[in-house]
Amino acid sequence: MDKVQEIVEKQVLTVAKAVEDKLDEEISALDRLDIDDIEVLRERRLQQMKKMAEKKSRWISLGHGEYSEIPNEKDFFAIVKASERVVCHFYRDNWPCKVMDKHLSILAKQHIETRFLKINAEKSPYLAEKLRIVVLPTLALIKNAKVDDYVVGFDELGGTDEFSTEELEERLAKAEVIIFEGESSRILSKSKAQSKKSVRQSSNPDSSDSE
């Protein structure tokens, strides 16, 4: 156990040293900047902000930021083609679909980069058959006008209707249909827990994968 702890402490020190060196390098680079360099960086940043503002304006004009319904299946393809990333909820009037509605309404406001839609599967038989929608609710995760992934029912969300908005958000981020500003703390904590388990198992010859 002491040996494992010693190894972990060394790894932590190595990472800390690397981070410190990186910060020192960045500080030195800033110290070397002259007025012209700062102006170039400022102009570049302003251009980035301008492009992002233009993107947001376009997204809002397309209906991003709201969770809206497609009234007719004939409109589906035209609406989907207009946005790079789309989450479309195939629903019917039941409790599980209402639960999904609640979470998607929240995420639509948080992730303006993605269009969040819903369509009544029972009133869209052609579309449901074409996209092989069987279980409701089903989320079609669409990128560049092509269905890239599905979230079917609640199986990937803990198998219960009590899942959190954050759990659904992580699933959508995993499919890269929404953009995270940074890694989710839940994902990081899971990966850390798995790393600790691996260390314990490797130090215990009696451990097995079935535990």
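Predicted model: local features only at pLDDT ≥ 70, side-chain atom pairs only at ≥ 80, totals over all residues.

**Helices H4 and H6**

The crossing of H4 and H6 is right-handed.

Colleague: How are H4 and H6 oriented to each other?
Modeller: The axes of H4 and H6 lie 10 Å apart, and the two helices pack at an angle of about 65 degrees. Angles of 65 to 115 degrees count as roughly perpendicular. The orientation of H4 and H6 is therefore roughly perpendicular.

Colleague: Which residues of H6 meet H4?
Modeller: H4 comprises residues 95-110, and H6 comprises residues 165-174. On the H4 side, the contact is made by Met100, His103, Leu104, Ile106, Leu107 and Gln110. Their partners in H6 are Thr165, Leu168, Glu169 and Leu172.

Colleague: How many nonpolar residues does the contact of H4 with H6 have?
Modeller: By class, the contact of H4 with H6 includes three polar residues and one charged residue. The nonpolar residues in this contact number six.

Colleague: Which residues is Glu169 in contact with, leaving aside its neighbours within four places in sequence?
Modeller: Glu169 belongs to helix H6, and its contacts include two residues listed for H4 at the crossing, Leu107 and Gln110. With its neighbours within four places in sequence left aside, the contacts of Glu169 are Leu107, Gln110, His111, Ile178 and Phe180.

Colleague: What does Thr165 touch, not counting residues up to four places away in sequence?
Modeller: Thr165 also lies in H6, and its relative accessibility of 11% places it among the buried residues. Not counting residues up to four places away in sequence, Thr165 touches His103, Ile106 and Leu107.

Colleague: Why is H6 described as largely enclosed by the rest of the structure?
Modeller: The buried residues of H6 are Thr165, Leu168, Glu169, Glu170, Arg171, Leu172 and Ala173. H6 is largely enclosed because the buried share of its 10 residues is seven.

Colleague: Is Trp95 buried or exposed?
Modeller: Trp95 is found in helix H4. A relative accessible area over 50% counts as exposed. Trp95 has a value of 56%, so the residue is exposed.

Key
Residues numbered from 1 in each chain as written. Heavy atoms only, no water. Helix = DSSP H or I, 4+ residues; strand = E, 2+ residues; numbered from the N terminus. Buried < 20%, exposed > 50% of the residue type's maximum accessible area, 1.4 Å probe, protein only. Axes fitted to C-alpha atoms, helices over the stretch in contact; angles between N-to-C directions. Parallel < 35°, antiparallel > 145°, perpendicular 65-115°, else oblique. Left-handed = near helix turned anticlockwise from the far one by under 90°. Contact = heavy atoms within 4.5 Å. Nonpolar A, V, L, I, M, F, W, Y, C, P; charged D, E, K, R; others polar.
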